[in-house]
Amino acid sequence: MTTALLIARRELRGYFSSSSGWIILAVLLLLDGLAFNAFAMAGEKKSFDVLQSFFYFHSGATMVASVFIAMRLFAEEKQMGTLVLLEASPAREAEVVLGKFLGAWGFLLMFLVLSLYMPVLVMVNGKVTVGHLFAGYLGLALLGAACISIGAFTSSVAPNQVAAAVLSGAVVVVLVLAWLVAKNVEGVLGDVVGWLDLFDKHYRTFSRGTVKLSSVVYYAALSYGFLLATAAVLGARRWRG
Amino acid sequence: MIEAVGVSKFYGARRALADVSFSIAQGEVVGFLGLNGAGKTTVLKVLCGLLVPSAGKVSVDGIDGIDAPRELRKRIGFLPDRPPLFPEMTVRQMVAYAARLCGLPAERVDRRVAEVLELCGLANVADDLIEWLSHGYRQRVGIAIAVAHEPKLVVLDEPISGLDPAQIVAMRGLIRGLKEKHTVLLSSHILSEISHTCDRILVLHQGRIVAQGTEATLAAGVSPPVEVTARGTMADLAKAEIHKLEGVSELETTDVGNGVVRLCARVASDTAREQLVATLVQRGLGVRSVSDAEGGLESVFLKLTKGVEA
């Protein structure tokens, strides 16, 4: 765990010292604020509905942020030739992957914290519960963790950051649109595809202020699965030939 | 202490290493010499646990690279041909990070970092960002991170690549200085570098070790080429029938003008060399000079790698 935290600290430092990290934060917060003003605050709405709209739009920004944050995790190190430092060290592949995931997730959590002023404004000027706020942000954090895990995996297999971003974006879109497929497939297969849905099936309940254990398990399992696959890709690099 | 036995490595159908075996004693500075594509980097990566060999095994202090890869990696510090450095970190932060990553206990890091910065001549740039450093300093930082966790074996892949003459001299001193506490294995395709820096040489060609030993022992096993200039004509030289002499091979003759000819040949022994000169004199050619045609290690290397099949 010490090694993972060491790697996470360095990763986080990498985000703060690169201009791309700050640009991602600034652009997405700006778009988020505009969307909040234009859609969530538009017309006469109850505070509950405003907050629900906020979490709806903010989930899009969170997914986009996750894809861009995660694209550099391994692809950049491969391009710069620094991955060899981790590969030649006694660190386990799992420690490397966990450390990088924690660094990227930590940066995403900072993005989420910086967006707090919007729901707090709703809270001050209207009537929403802390529970709703908590559930919404828990959902965003879990959704972000899943998207970063997908991004970590694609970053480990892609030759560069752009390819990693395109690949992880495609996987996220497929998982977000799984409900469309599920609607047209009958029986158990339809149920399975529907359950795999990243957004409609599992996130919407969080945005309404409800925490469902099955959705927490879904996001945790999805993240774990992709992180495990990333560790396997790193391990396989030693066997390449 | 460090042993490789029957190591082979395939990239698809292409064989990069073929049955490579060697051992290195503690405190030695050993050089892998080979042309580009000879397999130097592959053998170093296998040693460092970055690549799993297709066959054979490597061990450091009896620890097998397949059975205990993490234990093996703890004992090795590796500098690849491009130092793995994060430009946003200072030199001190980078060395400390590498030391912690490779398992040096936290309480020993500060002291060890200070020692390493001193050893590598980096104390004056310790708090500079790596992105500000010249190529030569970056190479030094690369060595610093390779030795930061006090490994038994330090593996350096082309450590002098891209350095200017002054930096090369400084780097030689630094590598020799590592010998006090570490065993050093380095690779290079630059003959003079290997000759200056290493106690022992392993010559790698087309994935095989074709010779190993000190520069002197390698040179002893190869008949040296000799160059003779003499007064006379090409016709006189042809009449002398030098090619029929025992121990003389690879004969080349040139007319350099003004009634002078030059002859290059490889001679198997001092006796053959004496016989060659005596024959020329007996046939009326006025011998003006006799000298070695090529420098020691270069000659040895060319001979060793000539005609060796993979």
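B:E150 counts as partly exposed, at 35% relative accessibility, in this predicted model. Its salt-bridge partner is B:R108, and the closest N and O atoms of the two are 2.3 Å apart. B:R108 also counts as partly exposed, with a relative accessibility of 41%. From this pair we can move on to other salt bridges, then to the contact between the chains and the nonpolar cores.

**A pair within chain B: B:E150 and B:R108**

- B:E150 sits in the loop between α5 (135-147) and β7 (153-157) of chain B, while B:R108 belongs to helix α4 (residues 106-119) of chain B.
- The two residues are 42 residues apart, and the pair links distant parts of the chain.

**Another pair within chain B: B:E28 and B:R200**

- A salt bridge also forms between B:E28 and B:R200, where the closest N and O atoms lie 2.8 Å apart.
- Since B:E28 is in the loop between β2 (14-24) and β3 (29-33) of chain B and B:R200 is in strand β9 (residues 200-205) of chain B, this pair ties together parts that are 172 residues apart in sequence.
- B:E28 has a relative accessible area of 17% and is buried, because buried means under 20% relative accessible area.
- B:R200 is buried as well, its relative accessible area being 14%.

**Salt bridges over the whole structure**

- Over all chains, a search of the whole structure finds 23 salt bridges.
- One of them joins two chains, because A:R10 lies in helix α1 (residues 2-17) of chain A and B:E88 lies in the loop between β6 (76-79) and α3 of chain B.
- The side chains of A:R10 and B:E88 meet with an N to O distance of 2.7 Å.
- A:R10 is buried, at a relative accessible area of 4%.
- Salt bridges that share partners build one network from A:R10, A:E11, A:R72, A:E76, A:E77, A:K100 and B:E88.
- As a general point, side chains of opposite charge can pair when their charged atoms come close.

**Where chain A and chain B touch**

- Chain B brings 29 residues to the contact and chain A brings 28 residues.
- Between them, the two chains bury about 2600 Å², with 64% of it on carbon and sulfur atoms.
- Across this interface the rule finds one salt bridge, along with eight residue pairs in polar contact.
- On the side of chain B that touches chain A, the elements giving two or more residues are β1 (2-11), α2 (69-74) and α3 (91-101) of chain B.
- Of these, α3(B) gives the most, with six residues.
- That side of chain B is made up of 18 nonpolar, three polar and eight charged residues.

**The nonpolar cores**

- In soluble globular proteins, nonpolar side chains tend to be buried together.
- The largest nonpolar core here has 116 residues, and A:L198, B:M94 and B:Y97 touch the most other members.
- Helix α8 (residues 130-157) of chain A gives the most to this core, with twelve residues.
- Which residues is B:M94 in contact with, leaving aside its neighbours within four places in sequence? They are A:L85 from chain A, and B:P84, B:L85, B:F86, B:M89, B:I130, B:V141 and B:I145 from chain B.
- A second, separate core has 29 residues, including A:V84, B:V43, B:V46 and B:L153.

Conventions. Residues are numbered from 1 along each chain as its sequence is written. Chains are lettered from A and ligands numbered from 1 in the order in which they are written. This is a predicted model: local features need pLDDT of at least 70, side-chain atom pairs count only at pLDDT 80 or more; totals for chains, interfaces and linings use all residues. Side-chain values use heavy atoms; hydrogens and water are left out. Contact means heavy atoms within 4.5 Å. Buried area is the accessible area (1.4 Å probe) that two parts lose on being put together, summed over both. A salt bridge is a side-chain nitrogen of Lys or Arg within 4 Å of a carboxyl oxygen of Asp or Glu. A polar contact is a pair of N or O atoms within 3.5 Å; within protein, one must be able to donate a hydrogen and the other to accept it, and residues adjacent in sequence count only if both atoms are side-chain atoms. Helices (H or I, at least four residues) and strands (E, at least two) are DSSP runs, numbered from the N terminus. Ala, Val, Leu, Ile, Met, Phe, Trp, Tyr, Cys and Pro count as nonpolar, Asp, Glu, Lys and Arg as charged, and the others, Gly among them, as polar. A nonpolar core is a set of buried Ala, Val, Leu, Ile, Met, Phe, Trp, Tyr and Cys residues joined through side-chain atoms within 4.5 Å. Buried means under 20% relative accessible area, exposed over 50%, partly exposed in between (1.4 Å probe, protein chains only).
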